[in-house]
Amino acid sequence: MLREEGGFYDRDPRDYRLRVALVYPAPYFAAINSLGHQILYFLLNSFDGVMAERFVTDLKGSVESGRSLDEFDLILATIHFEGQYPVLFRMLEGVRKPVVVGGPAVSANPLPISSLAEAIGVGDGEVLVPSLVESLLAGGSLEELADDGFFLPDIMNRAEFKRVRSLKPLENQIIVFRGNEPVNSYLVEISRGCGWGCRFCMLGWHWRPRLDPDPKDLEVAVERAHELGFKGIYVIGSDAASSKLIKDLLQWASEKGLRVTLPSLRADQVDRELIELAVSVGESMLTLAPETGSERMKAVVNKTIDNGEFVRVAEEARDSGMRHLKLYFMVGLPSETDRDVEESGRLASRVAEFVNTKVTVSIFIPKAGTPFETVPLAREEDIKRRISIFRRSFRGQVNAMHYGRAYIQTFMSVGGLEIAKLLRKGVRTPYNRGAYRSLANRMGIDLDSIVYGERDTPWWEYIDTGVSRDFLSRELRRALEGLPTPGCDISCTGCMPKCWLPLRSVS
Ligand code: SF4
């Protein structure tokens, strides 16, 4: 089955000067649904003299040939979120080859993974990988990449965040058939980054401002999906609904008979026409993320979408034949009270009057390089009480995050070099809070002080995101005063001294 997926097979490694093991710390199907992983796979294999094969958690050896990691010259791993760190440590246990890691979480704070990698790429792989490959093919070493967006733990340099300036859809993609039917969708990135400035959001502060593709390229991508035999499109973009192209995309997909799956959308950017178009391409569920139903908290987190917008979308969804709605809320936000959470539950109940509503309640986790990077994780008793309050205010289906996971993700997200030592030593440690705590105690590491205490922000020494640190401090102050800040599309507030949107005026 795998040989028909459109990957690179039947090659003799001796014909290549650089053999790269492209590692994704998740099962095969998660890897093919990762656009970043697929982009790097096709990009690496486009270089003369480079052979890249993929490694995932549920296949022994590489996907293409079953070769082992040690048979490659370089290991290149992509990581999406902190929970994948221990999986990657386990996959690479005992491997004696140079390791380079990239992806959103490590771009924000590379320190916790620094005991695993010789180099950590900061920003977009499409910019970072060509410098890496060209340097290695020319006989250079990883140390030479310090000025090209790589953080090198051996020299502890400061790396500049690298971003692409134009967004090109990935033309060729892996397609997996079961019988005659493809089981995965063609991945279409409708936008990258976001300029709204939600104060908790890591992607929104590292990938700003938002970047949009050329409409012509997007239309060609839809045609390509059809030509390759895909039956559906999976739209990717953290601010998809703000894209001027979203309706065109749905229209083009409809003309080609392709189903479309949409990401989470901003309710205030969703109108009746968009919902009807989504229904016409087989989408049966809209996903919205109010985060909170409390007007006060909306200003604190800088996501000031009126509750009425969610109710309106629910009503229009029902009237358009959309059967389900999924809502994402958060608890444990800075300055949050029980009453704020009650209001969130009430908002979910109002929405559920119109359409079948599923709710996910996650726990706020501080992220490096955001205005909330120094905010502590809320205490367990507060989180448990607030989740119960939410469940009492909303009687429908609620899927709530486990507190232990939030604790682990917090120290991996905002920890420093001590977490790198912990992860290295704890490569066989079960993924639970108790196990990590007792190992940390034995090593003299105080995890509670990282998770709950006044926090250092060592990543600022090593990562230059382009956003000024003073701006983030000002955003935290404004959050605690309950003051929102407008997003890029409304008014530029000068968050980046060297923003590459030159036409923006600083208000
Ligand atoms: S400098 Fe202005 S346009 Fe650029 S990301 Fe910041 S707010 Fe947006």
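Strand β11 (residues 232-236) is joined to β12 by 3 bridges, and the two strands run parallel. The structure described here is a predicted model. Within this pairing, Ile 233 lies opposite Val 260 of β12. Both strands belong to an open sheet of 3 strands, ordered β10-β11-β12 and paired in the parallel sense. The edges of this sheet are formed by β10 (186-189) and β12 (259-261), each of which pairs on one side only. From one strand to the next, the twist averages 30 degrees.

Parallel pairing is also found around strand β3, which is bridged to β1 and to β4. Strand β1 (residues 18-23) pairs with β3 over 4 bridges, and in this pairing Leu 22 stands opposite Leu 76 of β3. The pairing of β3 with strand β4 (residues 99-102) likewise comprises 4 bridges. Here Leu 76 has Val 100 of β4 as its bridge partner. In general, the strands of a sheet pair through backbone hydrogen bonds, in either a parallel or an antiparallel arrangement.

Of the 5 residues of strand β3 (residues 74-78), 5 are buried, so the strand is largely enclosed by the rest of the structure. Both of its faces are covered: one side carries Leu 74, Leu 76 and Thr 78, the other Ile 75 and Ala 77, and all of these residues are buried.

The largest nonpolar core contains 146 residues, and the residues with the most contacts inside it are Leu 22, Val 101 and Leu 249. Helix α14 (residues 403-414) makes the greatest contribution to this core, supplying 6 residues. At least three residues of the core are drawn from each of domain 1 (2-160) and domain 2 (166-296 + 306-331 + 466-507).

The ligand is surrounded by 12 residues. The closest of these are Pro 209, Cys 488, Cys 492, Cys 495 and Cys 499. By residue class, the shell around the ligand consists of 7 nonpolar, 3 polar and 2 charged residues.

Key. Residues numbered from 1 in each chain as written. Predicted model: local features only at pLDDT ≥ 70, side-chain atom pairs only at ≥ 80, totals over all residues. Near = placed C-beta within 6 Å. Nonpolar A, V, L, I, M, F, W, Y, C, P; charged D, E, K, R; others polar. Pairing = 2+ DSSP bridges. Axes fitted to C-alpha atoms, helices over the stretch in contact; angles between N-to-C directions. Core = buried A, V, L, I, M, F, W, Y, C linked by C-beta atoms within 7 Å. Buried ≥ 20, exposed ≤ 12 C-beta atoms within 10 Å, placed from the backbone. Domains from an automatic or database assignment.
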